[in-house]
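Thanks for making the time this morning. I would like to walk through one model with you, starting with the overall fold and then moving to two places on the chain.

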Amino acid sequence: MLVDDGDDLDGVWQEARKLALTPAQFASSLAARPYDLRHAAVSLWLNAGVPAVEVAKRAGHSVDVLLRVYAKCVDGQQEHINGKINEALNE
């Protein structure tokens with residue numbers, strides 16, 4: 001049974017964590033906030049080459065916020081990006 005501790009979302013989230021995680025995981029910071037696990041997926045999508053517009057749409061961000069927050073995910077991929085551009089130009 002879920003308990004409302006006054007802060008609806010946080011209370012429900014903490015109860016769900018308690019039910020779903022081991023005691024050690026619950027004591028850790030793993031998924032401490034409802035959106036913590038989403039960050040990993042956004043980074044994964046960007047690093048996999050999913051277009052920023054699509055990632056933003058799926059994550060519920062604007063493209064501006066997405067690129068400001070996750071710029072580190074796309075930084076350092078110049079070689080890979082240049083390869084994609086060259087591949088497209090040579091088709």
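**Overall fold**

The protein has 7 helices and 0 strands, where helices (H or I, at least four residues) and strands (E, at least two) are DSSP runs numbered from the N terminus. Read from the N terminus on, the elements run α-α-α-α-α-α-α. Please keep in mind that this is a predicted model, in which local features need pLDDT of at least 70 and side-chain atom pairs count only at pLDDT 80 or more, while totals for chains, interfaces and linings use all residues. Residues are numbered from 1 along each chain as its sequence is written, and side-chain values use heavy atoms, with hydrogens and water left out.

Of the 91 residues in the protein, 16% are buried, buried meaning under 20% relative accessible area, exposed over 50%, and partly exposed in between, with a 1.4 Å probe and protein chains only. Among contacts with a separation of 6 or more, 21% come from residues 24 or more positions apart, a contact being heavy atoms within 4.5 Å.

Leu44 counts as exposed because its relative accessible area is 56%. The C-alpha atoms of Leu44 and Cys73 are separated by 8.5 Å, although the two are 29 residues apart along the chain.
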